[in-house]
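Hi,

Here is the structure I promised to pass on. Have a look, and my notes on it follow below.

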Amino acid sequence: LIWENLGLICDAKKLPFGQGMYCQSPHAVDFEEFVRVFFTTRESDGRNLYKSYPTYVDFSNDFQKILSYGTYPLVPLGELGTFDEHGIFPFQPFKDKNGNLLATTTGWSRRVSTPTESSIGIVKSNDLGNGFTRIGKGPMMAPLHHDPFLVADGSVFYFENRYHMFYISGERWIDGPESKERVYKIRHAYSEDLREWSRDYVNIISDVIDEDECQALPTVMKTENGWLMAFCFRNAIGFRSDPKKGYRIGWAESQDLVNWNRIDKKHTVLKDHSNWDRDMQAYPNLFKNKMGTFLLYNGNSFGRDGFGLAKLKENL
Amino acid sequence: MIRVDLENKQIILTEQQVSEIIGTEMSHVQSPAVLPFGDLYRMYFCSRKLTDSSDGNFVSRLYSVDFEKDSFELVKDSRKEISSTGDCGTFDEFGMTPVSAISLNNQTHLYYAGWSRAISVPYTAAIGVLIEDLQDPPMFQRLFKGPVISFDENDSFLMGSPRVKEHKGKLFMFYVGGTSWDVSSGSPEPTYKIRMAISDDGYNWRKIGKDLISDSINAFECQAAPEVIAYGDGYIMLYSFRSNLRHDPRREYQIGIAYSTDLINWITLPAKLQQEVISRNLSGTSYYNMIEEAGQIRVFYQLPGMGKEGIGTGILKIEGEF
């Protein structure tokens, strides 16, 4: 299946707020009259460290035109000593069973022996997505039992009487040439109430690189004959500078949301001639509206320049 | 009025003894957790190797020793470090303390606070479990690399002081959870309160989501080491509490008492009354572990300086009505 490249649709340098650095992990929500794309942008703290903040941008339904930019930051970072005090990335909207708009947040905090730790938080909108408030100071899903650290990227949807979450979980830290590097895999959990989550503690996507393969940002869509997942994956070491080791898009399909077959070769996301995604394709988000089936994603340097779009040529 | 007194006090383990047992210089002897074991008491505790530090921060590790029940003589060759700390990046990488012990399905389980080091605040902690290696007691194994009680919307950081009680076929864990970091004295100081979770198996816990013990001092009161024992028609909890403020003389832990008939709803006393009902014989002691034996309550506790002076034991006398 071919995904045609429609280019960079949100340019970080043109943001009316922040520092013009990064528009990461786009997540589109169909508002019928328009498409709202939530993403995070970074600010430097002046010491070579960044903090990410969530915001959004509204597009026409065909993504050809930016209508307006949203509140910034959409959610303040957490209090001193809490899980999301040093950044929120990504910000992943979903609808609960009553149609209310919520989002998972991946909150980051800095550590001594490793650069960071993360957990998944939850925020709720009372005004149809213009603003969000957190439900509690702590996370909805944190390291527990066989998820020892780095719980992140919670992609949630409601299907057949339960909430499903695809997320990532840290497996181990390994020594890299400059710092500790993490290995993480995609997992699944489900919940009746968005508070208590039952986790399968199974890595559901097989590795194609090696056992240190890092998998991130699972996004799942219903198709005519099952489920399609897009995600991104990379080598554990060397991924920042070597395009061969950096993030690229991976694919998997499932009949039951539990067992997944990796089908990377079935999908091709064509690269754009302007090179914004020449070295990297990362943080995918599958989205469907009346104009078609889309893949929003980030390009080089984890979305430093902004995010772009691809459109599926035929139906799934 | 209820009265609590402590009799037959004796020191049973000092830093010097632990240094000799472990074979290197040790600091602090903390958090006694005792299970009777035939003619012996097996006591789990936490201590720190002076060589095991970076930036002035120490790593607490778990140890066990056996005592003769009658004489409190240390049994020779009874033992050493009983578990490693956690892997890089996991919740208990930088230490394990305090600890409590319970036998579940004939296997000793240790619940403990595991420590991580952070940047904006010095540390955080979550609660883990170890199970006894039945092939090689008193060594312990990890069932999980992650914690069994972790952060959620109400518990946003720093959980510790776990103690588990069996009651009517269920397991009740009393623990403490952080409520805020206070920076008014310069460096961040945490405030933490006693909370509870309930479980059927000891591994999957459901928090009840409230603070159990009202403050005796003020909202910045820190509460720790909730130790519960049946008393009359209900339960007595002895816990340790102090002010979190650096300039406050009440910064050293003192023993508090609370009463409940259902383990969930507790009544306690204002600080002044606490001092009246708790005998001066308990002064300077903290982190109680109580064992009922032959109609008596045998207690183990830390001595002043958070166990700098060692671990003691005595007979606890509780009289009167709450």
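By contact I mean heavy atoms within 4.5 Å. On that basis, 26 residues of chain A and 32 residues of chain B take part. This is a predicted model, so to speak of local features I needed pLDDT of at least 70, and 80 or more for side-chain atom pairs, while totals for chains, interfaces and linings use all residues. Residues are numbered from 1 along each chain as written, chains are lettered from A in the order written, and side-chain values use heavy atoms, without hydrogens and water.

**The interface**

Chains A and B bury about 2,400 Å² between them, 58% of it from carbon and sulfur atoms (accessible area, 1.4 Å probe, lost on being put together, summed over both). On the chain A side, A:Leu80, A:Arg111 and A:His145 lose the most area, together 26% of what that side buries.

There is one salt bridge between the chains (Lys or Arg side-chain nitrogen within 4 Å of an Asp or Glu carboxyl oxygen). A:Arg195 pairs with B:Glu153, with the closest N and O atoms 3.5 Å apart.

**The cavities**

A cavity here is a set of points on a 1 Å grid over the protein atoms alone where a 1.4 Å probe fits but cannot get out; lining residues have an atom within 4 Å of a point. Volumes are the space filled by probe spheres set on the points, which are joined across faces, edges and corners. Four cavities reach 30 Å³ or more.

The largest has about 280 Å³ and 30 lining residues, with A:Arg111 and B:Phe151 among those nearest its centre. A:Arg111 is also among the residues closest to the centre of the second largest cavity, which holds about 80 Å³.

Cheers

Definitions and conventions:
Buried area is the accessible area (1.4 Å probe) that two parts lose on being put together, summed over both. On a 1 Å grid over the protein atoms alone, a cavity is a set of points where a 1.4 Å probe fits but cannot get out, and a pocket is an open set with protein on both sides within 12 Å along at least five of seven lines; lining residues have an atom within 4 Å of a point.
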